[in-house]
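Hello,

Here is the structure we talked about handing over. Please have a look, then read my notes below.

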Amino acid sequence: METALLTAIALVFIFEGLLPFLFPKFWQKIMSHATQLPENHLRLTGLSSVVIGLIILWLWA
């Protein structure tokens, strides 16, 4: 269980780091745009990401 959790956390760090590493200017543009979005839009995006992740986890496991 702990190994799977650490693997999942490591993969999150890897995938989160790929965009700014490979495309720093694009990442800056997206982050700049994200700061202008309303809070409700950001919350909906976060919730959507969580739901998609849970669905993938449910189907995969």
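How many helices and strands does the secondary structure of the protein come to? It comes to three helices and zero strands. Here helices (H or I, at least four residues) and strands (E, at least two) are DSSP runs, numbered from the N terminus. Along the sequence the pattern reads α-α-α.

Some ground rules. This is a predicted model, where local features need pLDDT of at least 70 and side-chain atom pairs count only at pLDDT 80 or more, while totals for chains, interfaces and linings use all residues. Residues are numbered from 1 along each chain as its sequence is written, and side-chain values use heavy atoms, leaving out hydrogens and water.

**Overall form**

The radius of gyration of the protein is 14 Å, well over the 10 Å that the globule rule gives for 61 residues, so the protein is more spread out than a compact globule. That radius is taken over C-alpha atoms, and the rule is 2.2 Å times the number of residues to the power 0.38. The C-alpha trace spans about 40 × 30 × 15 Å along its principal axes.

Buried residues make up 0% of the 61 residues. Buried means under 20% relative accessible area, exposed over 50%, and partly exposed in between (1.4 Å probe, protein chains only).

**Helices 1 and 2**

Helix 1 (residues 2-22) packs against helix 2 (residues 24-34) at an angle of about 110 degrees. Their axes are 5 Å apart. Axes are lines fitted to C-alpha atoms, for helices over the stretch in contact, and angles run from 0 to 180 degrees between N-to-C directions. That makes helix 1 roughly perpendicular to helix 2 (65 to 115 degrees). Helix 1 makes the contact (heavy atoms within 4.5 Å) through Leu19, Pro20, Phe21 and Leu22. Helix 2 brings Pro24, Phe26 and Trp27.

Thr3 is also found in helix 1. Thr3 counts as exposed, at 61% relative accessibility.

**Helix 3**

Helix 3 covers residues 39-60, which is 22 residues. From first C-alpha to last, helix 3 reaches 31 Å, close to the expected 32 Å (1.5 Å times one less than its number of residues).

Best wishes

Notes
Parallel < 35°, antiparallel > 145°, perpendicular 65-115°, else oblique.
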